[in-house]
Amino acid sequence: MLRLAQRMSRAKPSAIMVIADKAKKLKAEGRDIVNFSIGVPNFLPGAHVYEAARKALDADTGQYGSNRGRDDLLDAFIAHLARAGLPGYQRENIAVGVGAKQVIYNLAEALLDEGDEIAFPTPYWTSYLDIAEIVGAKVKLLPCPSSQHYKLTPDQLDTAITPTTRVFLFNNPSNPTGMVYTREEIAALASVLVRKPDTWIITDDIYHRMVFDGLGYHNFVHSRPELRERTIFIDSLSKTYGMPGWRVGFMAGPVAVAKAVVTLNSNHITNIPEITTAAAVAAFSGPQDVTERQCADFALRRDRVVAALTAIPGVSCPRPQGAFYAFPDISSAFGRRHGSTRIDNDVDFCAALLDAKGVACVPGSAFGEPRALRISYTCPLPQLDAGLKRIAEFCGELT
Ligand SMILES: Cc1ncc(COP(=O)(O)O)c(C=O)c1O
């Protein structure tokens, strides 16, 4: 009998894409839609990036490239790591991929056998769960509700990580909550992790250039350098340089782990293209003003979003300090009605909001937190303000 592999019964299309597609469809039908659903930075990279890509096109060899990534790209990434306070990596510590998502997928294959445990805080980025399930890992979720500002505590981490926890996956700044850990919070978690020698640590820090309020970016390795031998740092061009469609991601970590990812690359993708490589080198090595300007702009938007959301009776929103997401708790709406539509959960809330007001948000359950929804606030300002106003109207109409 013809059948798909068992693992496909565990594979789901991304919940975020489902909402984004519905919003796109309604827009194509002529509805006035404000799309807060998809996590795109909504800016383009600097002119030097396009110039490098054009030059690479003129000099194209058309050949296969390195499974690890071209040397000049590895060097540019190593310099970028040093600027993030992580100096001393060599080319053999690095591997590239088709976006951070593919790097994380490779790491899941490289580090987790079927039934192995991976632990991560909840709310989590949707693909963590989806990828873990596809590779057949056992997932341990560490709940971090809004009452603890969506942040993991050292005691929680200490209890959760056992000698059988193969991987601890950590995301800072966070998608979906926008939370950023302070230096002290990172140090406290790192002190727990040094006592868990059997666990690999993956820090998905792809938003680390988008931190507000002078909080700075902190990594476990900054506070406990000895963790470097089992910590894998993830990065991406997508959000930092406004290049999500270019699909370039990275890992830096122990030589054996980078080698495993390179081996998987040799079987999956072979290499990332020459033109993309040249653009990526330019992004890391050229002027950083676009990223810096965008970060300042996102901080201002964050203020607008938090002010608008916290003015809505019953809605609370821990203040994001990075990335470009807000994750308000809207659970006070559960059990109420909008017109004739009953709202029992986050999915009902988001569906009714999209139908009634044309505002697309992602239900929090996509991130393991069904009391909330995610707003990605990178759209043009007039749309941002209109969308926030419509959410307030919608909440005001609940009976
Ligand atoms: C936390 C987090 N990690 C990884 C990714 C994947 O990024 P990339 O576009 O590099 O695949 C995303 C994308 O939304 C993300 O939010």
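This is a predicted model: local features need pLDDT of at least 70, side-chain atom pairs count only at pLDDT 80 or more; totals for chains, interfaces and linings use all residues.
In the model, 13 residues surround the ligand, the closest being Gly99, Ala100, Lys101, Ser236 and Ser238, where a residue is near a molecule if its C-beta atom, placed from the backbone, lies within 6 Å of it. Residues are numbered from 1 along each chain as its sequence is written. Helix α4 (residues 99–111) gives the most to the shell around the ligand, with three residues; helices (H or I, at least four residues) and strands (E, at least two) are DSSP runs, numbered from the N terminus.

An open sheet is formed by three strands in the order β9-β14-β13, with antiparallel pairing, two strands being paired if DSSP finds at least two bridges between them. Because β9 (325–326) and β13 (362–363) stand at the edges, each with a single partner strand, one side of each is left without a neighbour in the sheet. Two bridges join β9 to β14 (residues 373–376), and Ala326 stands opposite Ile375 in β14.

Helix α11 (residues 289–310) packs with helix α13 (residues 381–396) at an angle of about 15 degrees, their axes lying 10 Å apart; axes are lines fitted to C-alpha atoms, for helices over the stretch in contact, and angles run from 0 to 180 degrees between N-to-C directions. In this contact, Arg301, Arg304, Val305 and Ala308 of α11 meet Leu384, Leu388 and Ala392 of α13, with residues in contact if their C-beta atoms, placed from the backbone, lie within 7 Å.

Technical notes: Two residues are in contact if their C-beta atoms, placed from the backbone, lie within 7 Å.
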